[in-house]
Amino acid sequence: MTISRLGFTAAGAVALAVLLSGCSSRGETPLPVAQAVARGGSWIERGVAGHDLLYASNANGIVNVYRYWQQTLVGELTDFTQPEGQCTDANSDVYITDYGADAVVEYAHGGNAPLRTIDTTPYKPYACAIDPKTGDLAVADYSNASYYSNGNVAVYAHAKGKPAYYSSSDLEHPNGLGYDNYGDLLVTGFMLYGSSSYTYTYFGYLPAKSKTFKVMDLPPPESSGWPYVDGIAWDGKYWVVDAYGTLYQYSINIKAELVGTVELNGRGSDGPVAFYYPNPKKQATQVVTTYGSENSSEVDYYDYPAGGSPIHEITHGLDKPFGVAISVRK
Amino acid sequence: MKRQTIAIALIVLLGGCGAPGPGSMIGGVSQAQMRHARTLPGQAWMDAGASSADLIYVSNADGEVTVYNYSTKALVGVLAAFETPRGECVDKSGNVYVVDAGTDQVYEYAHGGTKAIKTLDDSPYEPNGCAVDSATGNLAVANSQGASGSAGSIAVYAHASGAPTVYTSPTIPDFAGCAYNDDGSLLTTGYEKSSNDSLFAWLPKHGNALVSINVPGPKASWTWYGVTGIQWDGAFLVLDDGGNGVYQIALIHGQAYWVNQTLLTDRYIGGAEYGIYDPNPKHQGTEILAGYIDESYSSGVYYFPYPGGGSSTGSFSHGVDDPFAIAISLAK
Amino acid sequence: MMKTRILITLAAIALAACSGGTPASPIAPAAVAQLSTSVAAGWPVAAHPDRRPSWVSPDIDAKQTQVLFVSDASTLDVYMYELPSLKVVGTITGFSQPQGECSNSKGDVWVTDTNAQKIYELSHLGRLENTLSDSDGYPVGCAWDPKSGNVAVMNIFDLLGKQGEVLVYPPGSKQPTSYVNAHQYYYDFGGYDGSGDLFFDGRSEGGAFMLSELPDGSKAAQTIKVSGGRIYFPGMVQMSTASSSLLVGDQECGGASAACIDQLTISGTTAKIAGSVKLEDAKGDAVCDLVQGVEANGEIAGSDWEFCGYTASTTDLWAYPSGGEPSAGNDSTDTTPVGAALSSGR
C-alpha cells in the first residue's frame with residue numbers, strides 16, 4: 001500500500017503552519033546548533049529516590065528531574081551534549097539518548113551520576129524504549145554520522161553488548177518507538193521526498209521474538225494520510241501514535257486498526273509522550289507531553305484516556321523540553 | 001455512457017407514470033407491450049442463412065438488438081421489439097433471452113430467429129440481467145427494482161417458463177446481474193442502497209433463500225463497486241467493475257474465491273457489455289467481446305484474447321449504439 | 001528544539017518562508033491537489049477498512065480454559081468461544097478471508113487466510129504469534145502433525161484456479177514442501193494420525209469427492225478409495241480421539257443440504273465407511289452445513305452455517321458419536337462459520 005507514503009496531510013500542514021508562523025514571527029534560526037552548556041555538575045536532592053520522578057530533556061543540554069506528583073524541581077543532570085528521547089526499564093532506571101554525543105546514558109532512579117554509557121557511534125540516537133519482558137533496549141537512531149544519511153533501529157539484547165540493527169528503506173529516519181507488554185516493537189520514522197518539503201511517515205514493526213523488521217501499514221486517521229508523527233508509546237492497552245498532541249490509539253494483531261483518538265487540548269506536543277501506569281497491567285491513567293518554543297517551555301500532564309485540558313503544567317527550569325520519562329519509585 | 005443509460009431509464013420510468021398498471025392484461029398481452037407495439041421503430045429482420053453461424057446479440061441504447069456473424073463481424077439481423085433492452089443470456093440450445101427494462105418482459109428468441117418464441121412477464125419488476133442454468137434450463141432474472149421503485153429481486157423461472165419464484169435480499173435492494181455456476185448454484189450481484197458498492201448473494205442449487213456472501217477481490221480489504229453483471233466463462237464466474245478488465249471468481253459450496261483477472265489494454269468496459277466466446281463449454285472461453293463507447297459517442301464491439309487479455313484483435317461498429325449487453329449464441 | 005530542527009530540514013518551504021519572511025500558505029495549492037489525487041488512488045473511498053480491533057476477555061487467562069476458534073467468511077473475523085458455555089470470549093479481526101483452522105497441543109491455532117495467501121498462528125489468547133506465507137495458491141485447510149510439529153496446508157487451487165496441492169511447513173520454517181496426488185484437483189481439509197500420516201480430502205477435476213493420504217516420509221500422496229457409502233462434498237478431516245476412525249465431514253450428506261460426519265476405517269489405500277454421525281439443529285432438522293468441526297472429549301464442536309434459509313447460523317456442541325440435536329448452541333455470533341479448532345491452554 002502506498003497510503004502512508006502520502007503522509008503529508010491536513011494535520012501535517014497545520015503542524016507546518018505552526019512551525020512557519022514560529023519562523024516568521026520569531027525569526028528563530030532553524031539550523032541545528034548543539035547547545036551543550038553544562039553549567040556545573042549534576043545535582044539531585046537527597047531522598048527523592050522514594051518518590052515517583054519525571055525526567056525532561058532540555059535544549060540547553062540539561063535533563064531536569066522533578067517529583068512527579070508535586071512538580072517540584074529536585075535535580076539536574078548535566079552530562080549531555082544534546083539529550084533527546086528517554087525511556088525507563090522495569091527497575092525504574094532511566095535511559096536518556098544523547099543525540100549530540102552518540103550515546104545512550106543510563107541513570108538509576110534518583111541517581112545523579114550515570115550508571116553506564118552505551119556508545120551508539122556513528123549513529124545519532126533520538127528515542128528509546130525498553131521491552132518490559134526481556135529488558136531489551138531499542139534505540140531509534142535518527143541518522144548515521146551525516147545528518148541526511150539514513151538511520152536505523154538498534155536493539156540491545158538485555159540492554160547490553162552489541163546491538164542488532166534493523167532498517168527499512170522507507171524509514172529513512174526513525175524518530176520514535178515503543179514496546180508493548182508482549183515485546184512487540186513499533187517504530188515510526190519518515191522518508192524525505194526527494195529535495196521537496198514533504199515527509200512521508202512510515203511505521204515499522206518487529207514482533208516479539210522475530211528478526212524480521214517489516215513496514216507496518218497503520219491505517220491513517222485521516223483519509224489524506226499520515227501527518228508528521230512525534231512518537232510512539234504503549235498505553236498499557238493500545239499503541240499510541242502521537243501527532244502533535246493528538247493521540248491515535250491502535251491495536252495490532254492480524255493487522256493494525258485505529259481504535260480511538262485522544263485530543264490533548266494544550267500546547268501540543270513536541271516529543272514522545274510518557275505514560276503513567278498505576279498498574280503495569282492496565283491502561284495508563286495520565287499522559288505527559290513536552291512543548292517548547294522561544295516564548296514558552298512546558299511539560300503538561302493530562303488525564304488519560306480522557307485527554308482534554310492539562311491537569312498540571314511545569315514551566316520552571318525548562319528550556320524547550322523534548323524527551324520525557326516517568327520513573328516510578330521502587 | 002452510464003449517465004446516458006440512466007437518463008433513458010428515467011424517461012421510461014416517467015413515461016410509465018401515466019400508463020395503466022403493469023398488471024392489467026388484455027388477451028394475455030400486457031398493456032405495456034401493446035403500447036410498445038404501436039411505437040416500434042422498425043421491423044425485425046435476419047439474413048437468410050444467418051443461423052448457420054455463431055451469432056453475437058448486442059442490446060443497444062436505441063432499443064434495438066443487433067445481430068452479427070461472429071466470424072465475419074457483419075451485421076446479419078436486427079431484433080426490434082424492445083423499449084429498453086438490457087441483459088441477455090443464452091441457453092444450451094442457443095436460444096437467446098433478452099430482458100427489457102422498459103416493458104418488464106423477457107423475450108426468448110431461437111438462434112437466428114426474428115420473432116420471440118416466448119415472452120415471460122417479469123412485471124412488476126424491472127429486469128436488468130439474466131442467466132440460464134444449462135443443466136436444468138432454469139432462467140434467473142436479476143431485477144433492479146419492483147413496483148413504484150420498491151426493492152428488486154431475483155426471479156427464477158423453472159425451465160424458463162411459467163410464473164417465477166421470487167427471491168429478495170435484505171441487503172441488496174437493486175440487483176444488476178447474475179450467473180449460474182457449473183454446479184447449478186447462482187451468484188447474484190447488486191448495489192447497496194445508497195452507494196455504487198456492489199454486494200453479492202448466493203442462491204444454492206436447491207436453496208430456499210439468497211445468502212449474502214463475501215466475494216474477495218485481487219487485494220485484501222477489497223470492496224467491489226460498479227459491478228454491472230456476472231457471466232460464466234466455462235470455468236469461472238466473471239465480474240466486471242466498469243474498468244478495463246474482468247475478474248474471475250470461483251464459487252465453491254458458497255465460498256467465493258478470487259482467481260485471476262483479464263486486463264483489456266486498449267478499451268474500457270463501461271458496463272455489462274461484454275460477452276465471452278466459449279466454443280467448448282467444458283473449457284474456459286477463448287475470446288471476450290467488449291462493448292465500447294468513446295467521448296464522441298461512437299460505439300463499437302471489440303474482440304480480445306481470453307483469458308489473456310491485452311489489445312483488441314478486431315471490432316465492428318455498424319448498428320452498435322451504446323451497447324448494454326453482448327451475448328454469443330453458438331450455431332448448432 | 002529537536003523537533004524544530006527536523007521539521008525545518010524536511011521542509012524546504014519552511015526555510016524559504018523564514019528567509020523570505022513571507023507568512024505564505026505553507027503548501028502551494030497545486031501540491032495539495034496533487035497529493036490528494038494520489039491519495040484517492042491509493043485509498044479508495046469505497047473501501048470499508050476494518051477498523052475494529054481484536055479483543056480477548058481477560059477471563060481466559062485461566063490456562064485450563066478450552067477455547068473453540070471459529071472463522072467466519074462473511075464478517076472476516078475469528079470468534080473465540082469458551083467451552084462448554086459457548087460464550088464469546090474474544091474476536092480476532094483483520095482477516096481477508098479466514099477459512100480452515102488447526103491447532104497444536106500447546107494451544108496455538110493456525111487460521112488460513114485464503115485471499116491473503118497467509119496462515120496465521122494465534123496463541124491460546126488470540127495473539128498473532130507467527131505468519132506463514134503461501135505463494136503457490138489459496139489455502140483452505142490446515143493440519144498439525146503431533147509427531148513432527150509440521151503444519152500442512154491445503155491449497156484448494158493454484159493462483160490460476162488450477163490443481164491445488166498440500167504444502168508442508170516444518171516447525172519454525174517458512175519454506176514449505178509441496179505434495180500432490182496427481183488425481184486430486186481441489187484440496188480442502190486435512191488431518192494427521194499419530195504416526196505422521198496426513199489424510200486430506202477434496203475433489204477431482206470433475207468435482208467428485210476424493211480422499212488422499214500422504215504417508216509419513218512419502219514424496220507423493222495417494223488416493224484412498226472409499227467404500228461402504230458415498231461422500232458428496234468434502235468437509236472436516238480428523239483422526240478421532242475416541243477410536244481409530246478417520247472422521248470425514250460431508251457437507252452434502254446424502255446429496256442434500258445437510259451435514260454428517262462419516263467414520264472411516266482405513267486399511268492400506270482403502271477406507272470403509274463404518275458409521276455416520278448425523279447432526280441436527282436445535283429444532284431437530286438436519287444441520288444445513290458444517291464445514292469444519294472438531295471431535296474431542298465425547299463431543300463435536302462446530303458450527304451450522306445456516307444458508308438453507310430457515311434460521312440463523314449457530315455454533316454448537318453435539319454429543320459424539322450419537323450426534324442428533326446439539327447439547328448447547330450460540331446463535332448470535334457467527335454469520336458464515338467455516339473453520340474450527342480447539343485450543344487448550346497450557
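1. Of the 332 residues in chain B, 52% are buried, where buried means 20 or more other C-beta atoms within 10 Å of the residue's own, exposed means 12 or fewer, partly exposed lies in between, and C-beta atoms are placed from the backbone. The secondary structure of chain B consists of 2 helices and 27 strands; helices (H or I, at least four residues) and strands (E, at least two) are DSSP runs numbered from the N terminus. For contacts in chain B with a separation of 6 or more, 50% are between residues 24 or more positions apart; a contact requires C-beta atoms, placed from the backbone, within 7 Å.

2. The model is predicted: local features need pLDDT of at least 70, side-chain atom pairs count only at pLDDT 80 or more, and totals for chains, interfaces and linings use all residues. Residues are numbered from 1 along each chain as its sequence is written, while chains are lettered from A and ligands numbered from 1 in the order in which they are written.

3. Confidence in chain A. The average pLDDT (the predictor's confidence in each residue, from 0 to 100) of chain A is 86, and 87% of the residues reach at least 70. Over residues 1-39 of chain A the pLDDT remains under 50, although the model has 100 contacts beyond four places in sequence for this stretch. Where pLDDT is low, predicted coordinates should not be read in detail.

4. Sheet in chain A. An open sheet of 5 strands runs in the order β1-β4-β3-β2-β25 in chain A, with antiparallel pairing; two strands count as paired if DSSP finds at least two bridges between them. The edges are β1 (43-44) and β25 (324-327) of chain A, and each has a single partner strand, so one side of each lacks a neighbour in the sheet. β1(A) is joined to β4 (residues 73-77) of chain A by 2 bridges, and the two run antiparallel. Trp43(A) has Glu76(A) in β4(A) as its bridge partner.

5. In strand β11 (residues 126-132) of chain B, 7 of the 7 residues are buried. It pairs with strand β12 (residues 139-145) of chain B through 6 bridges in the antiparallel sense, and Cys130(B) is opposite Val141(B) in β12(B). The hairpin has 6 residues between β11(B) and β12(B), and Gly137(B) in the turn has a positive phi of about 80°.

6. Strand β15 (residues 174-180) of chain B is largely enclosed by the rest of the structure, because 6 of its 7 residues are buried. Its antiparallel pairing with strand β16 (residues 186-191) of chain B spans 6 bridges, with Cys178(B) opposite Thr188(B) in β16(B). There are 5 residues between the strands, and Gly184(B) in this hairpin has a positive phi near 85°.

7. Nonpolar cores. A core here is a set of buried Ala, Val, Leu, Ile, Met, Phe, Trp, Tyr and Cys residues joined through C-beta atoms within 7 Å. The largest has 184 residues, and those with the most contacts inside it are Ile56(B), Tyr97(B), Cys130(B), Ile154(B), Ile249(B) and Val166(C). Strand β10 (residues 151-158) of chain C provides the largest share of this core, 6 residues. Another core, of 88 residues, lies apart from it and includes Tyr66(A), Tyr179(A), Trp226(A) and Val241(A). Beyond four places in sequence, the residues touched by Val166(C) include Met154(C), Tyr187(C), Phe200(C) and Leu214(C).

8. Interface of chains B and C. Contacts link 27 residues of chain B with 25 residues of chain C. On the chain B side, β18 (211-213), β21 (245-252) and β22 (255-263) each supply at least two residues, and β22(B) gives the largest share, 5 residues. By class, the side of chain B that touches chain C has 13 nonpolar, 12 polar and 2 charged residues; Ala, Val, Leu, Ile, Met, Phe, Trp, Tyr, Cys and Pro count as nonpolar, Asp, Glu, Lys and Arg as charged, and the others, Gly among them, as polar.

9. Chain C. This chain has 3 helices and 25 strands, and 54% of its 346 residues are buried. Of the contacts in chain C between residues at least 6 apart in sequence, 47% join residues at least 24 apart.

10. Tyr320(C). This residue sits in the loop between β23 (314-319) and β24 (328-330) of chain C. Tyr320(C) is buried because 23 other C-beta atoms lie within 10 Å. Leaving aside neighbours within four places in sequence, its contacts include Ala242(C), Val277(C) and Ile300(C).

Conventions
Contact = placed C-beta atoms within 7 Å.
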